[in-house]
Amino acid sequence: MKDKKIVMGELELELELLPEPEPLDIPKFNQDFRSVVEAYNEGSADLEMPADERLARSHIAPGTGSYRDFSYIAPDIPHYIASNCTACMECVTECPDTAILAKVLPENLVEEELAKIEDPETRERMRAHFAKTKKFYDLPQKKGKEAGLFSIFVDPTKCKGCAECVAVCDDDALEMVRKEGEMVPHYKEEFDFFKSLPDTPMEYINERTPIDLMLTDKTHLYVGGAGSCAGCGEATALRMLAAANAFAYDDQWGIVAATGCNTVYSSTYPYNPFLVPWTNSLFENAATDAMGIRMRWDQMGWQDKKLWVVGGDGAMFDIGFQALSRMLASGMDINVIILDTQVYSNTGGQASTSTYMGQETKMSAFGKKLKGKTEHRKEIAEILMMHPDVFVAQTTAAHFNHFYKAVFAANEYEGPSVLVVYTTCQPEHGVADDASARQARLAVDSRTFPVFVHDPRKGQRLSERLDLRMNPAIYDDWYTDPKTGQPLTFIDFARSEQRFAKHFDKDGNPSEVLLAVQEERLKNWRRLQELAGILDKKKQKAAGD
């Protein structure tokens with residue numbers, strides 16, 4: 001130990017420094033922790049586990065969620081129909097549990113691997129997972145390259161049976177089937193075969209097609225085994241964030257997680273779904289915690305390591321809003337992702353400032369006098385983009401190109417950045433387990449949750465920096481549904497979710513409150529149009545006509 005003098009104005013302090021802690025023996029820690037996981041899986045941890053300093057502090061080894069088995073919790077599981085598949089990758093992208101994965105491999109290599117399987121029945125079961133698609137088989141052949149076979153495999157130990165993968169598949173390449181007989185053991189055997197295969201060669205991955213990122217093993221830094229609800233929209237957003245960061249930076253980035261749903265299902269001891277450094281702070285100070293980490297990393301010469309803060313409405317809209325604002329004012333190179341479920345999901349479904357007006361929650365009851373939440377929703381993305389030199393994107397995991405490009409841009413931006421992500425919460429929104437992507441798309445199409453990007457690098461004027469593309473019909477008040485020929489409004493969105501159900505009478509007519517919310521959503525959309533210069537362009541277009 002050495003003494004150190006610190007001078008603060010006229011005050012001189014002499015401090016006695018503590019000794020440096022012993023470096024962590026990572027291989028030994030991971031090996032010891034494997035026994036912890038095994039004890040928890042067997043149900044003997046409380047009886048047999050010895051006291052240990054690191055365990056007492058709840059240090060969790062990376063990726064231990066991979067040892068968790070959910071195969072017993074759902075009666076159904078996705079079945080892949082290779083002949084119908086187009087390799088769109090939406091099922092892999094939207095799965096919240098890393099339960100359905102894909103690879104593309106040269107045809108000759110696949111045949112070599114299949115030939116190693118002695119049992120003919122087993123070999124054919126494995127072969128059924130490979131598809132000849134236009135994207136990876138026909139097009140490479142036309143370019144004189146080796147044709148690739150696209151494969152989908154399902155991990156039965158991670159699948160919770162939400163059927164989100166089936167819901168987003170437009171090709172009828174997936175269907176839910178009942179778990180019967182030897183199905184689960186067969187799925188496990190097939191997934192083990194998948195894991196034994198080589199990684200997807202980079203020649204099959206086009207960096208301009210972000211949805212194909214998850215074809216590579218290195219992007220699976222969110223391994224599954226998290227205790228999130230079936231179909232959780234938050235988990236999908238975190239998986240996609242991890243994939244985008246991993247593609248560019250491997251595991252050289254970290255997460256500061258504010259207490260909330262994301263920390264409960266991501267640190268259900270001893271299961272950790274992340275393969276990157278992850279730390280949990282309180283609801284109110286995750287952004288502040290990240291400032292300290294950023295400063296220390298920069299001192300260590302780690303300026304290139306990306307740091308992401310994860311939080312929900314409590315951590316960012318409400319109790320942690322001041323800390324977030326202060327972090328943005330600092331100008332530090334810190335990224336934030338706000339998982340916006342419009343309600344305090346973790347603590348039982350109370351109203352927050354991200355809750356929509358009229359929404360019924362445990363703190364905005366629907367009764368004779370009050371008809372749900374009476375306050376307007378806080379539009380945090382619009383507030384944050386008024387902070388100088390801050391990159392802001394409002395997006396959803398269902399709009400995967402918009403989401404991925406926002407993550408890439410946030411990482412490239414030298415300064416603070418924030419992504420506000422619409423994340424469906426099945427129990428609090430009152431929707432089905434397979435509805436995350438559908439509800440997110442409907443929220444955008446109905447102006448309930450417009451997507452946009454505010455990039456300070458794009459110009460001096462706000463209209464140059466704000467981009468509303470990816471919203472349908474950006475020059476119009478409402479988007480016209482091509483199926484019905486009618487405008488798609490907030491009322492249509494509200495009709496699809498139980499949290500607004502009491503606003504409709506027995507004939508399906510909306511309440512006056514809900515009509516007022518619809519008008520409020522339209523005003524918000526028009527404000528965004530005005531800020532983005534859309535209304536001026538609309539007037540110019542009308543004058544030209």
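**A walk through the predicted model**

Alanine 87 is buried, with a relative accessible area of 0%. Buried here means under 20% relative accessible area, exposed means over 50%, and partly exposed lies in between (1.4 Å probe, protein chains only). Alanine 87 sits in the loop between strand S3 (76-80) and helix H4 (90-94). Its phi is near 65 degrees, a positive value in a residue other than glycine. Most residues other than glycine have a negative phi, and most peptide bonds are trans.

This is a predicted model: local features need pLDDT of at least 70, side-chain atom pairs count only at pLDDT 80 or more, and totals for chains, interfaces and linings use all residues. Residues are numbered from 1 along each chain as its sequence is written, and side-chain values use heavy atoms, with hydrogens and water left out.

Now the whole protein. It has 22 helices and 17 strands. Helices (H or I, at least four residues) and strands (E, at least two) are DSSP runs, numbered from the N terminus. The C-alpha trace spans about 75 × 70 × 55 Å along its principal axes. With 545 residues, a compact globule would have a radius of gyration near 24 Å; the protein has 25 Å, which agrees. That radius is taken over C-alpha atoms, and the globule rule is 2.2 Å times the number of residues to the power 0.38.

Of the 545 residues, 53% are buried. Take the contacts between residues at least 6 apart in sequence: 73% of them join residues at least 24 apart. A contact means heavy atoms within 4.5 Å. The protein exposes about 25500 Å², and carbon and sulfur atoms supply 51% of that area. Accessible areas come from the Shrake-Rupley method with a 1.4 Å probe; for residues, only the protein chains shown count as cover.

Next, charge. There are 62 positive and 84 negative side chains, and the centres of the two sets lie 5 Å apart. Lys and Arg count as positive, Asp and Glu as negative; His and the chain ends are not counted. Each charge is placed at NZ of Lys, CZ of Arg, CG of Asp or CD of Glu.

Turn to strand S11 (residues 335-340). Six of its six residues are buried, so the strand is largely enclosed by the rest of the structure. In a regular strand the side chains alternate between the two faces of the sheet. Both faces of S11 are covered. Asn335, Ile337 and Leu339 are buried on one side, and Val336, Ile338 and Asp340 on the other.

S11 has strand partners. Four bridges join strand S10 (residues 306-311) to S11, and the two run parallel. Here valine 309 stands opposite valine 336 in S11. Six bridges join S11 to strand S13 (residues 417-422), again in parallel. Valine 336 has valine 418 as its bridge partner in S13, and asparagine 335 stands opposite serine 417 in S13. Two strands pair if DSSP finds at least two bridges between them.

S13 is also enclosed. Six of the six residues of S13 are buried, so the rest of the structure largely encloses it. Ser417, Leu419 and Val421 are buried on one face, with Val418, Val420 and Tyr422 buried on the other. Six bridges join strand S12 (residues 391-396) to S13, and these strands run parallel. Phenylalanine 391 stands opposite serine 417 in S13.

Elsewhere, three strands form an open sheet in the order S4-S6-S5, with antiparallel pairing. Its edge strands are S4 (100-106) and S5 (130-131), each pairing on one side only. Seven bridges join S4 to strand S6 (residues 148-154). The bridge partner of isoleucine 100 in S6 is valine 154.

Helix H18 (residues 436-445) is mostly covered, with seven of its 10 residues buried. Those residues are Ser436, Ala437, Gln439, Ala440, Leu442, Ala443 and Val444. Just after H18, arginine 447 takes a positive phi of about 70 degrees.

Two loop details remain. Aspartate 250 has a positive phi of about 55 degrees although it is not a glycine. It lies in the loop between helix H10 (233-249) and strand S8 (253-258). Aspartate 250 is partly exposed, with a relative accessible area of 38%. Finally, a cis peptide bond joins tyrosine 269 and proline 270, with omega about 5 degrees. Proline 270 lies in the loop between helix H11 (261-266) and strand S9 (278-281).
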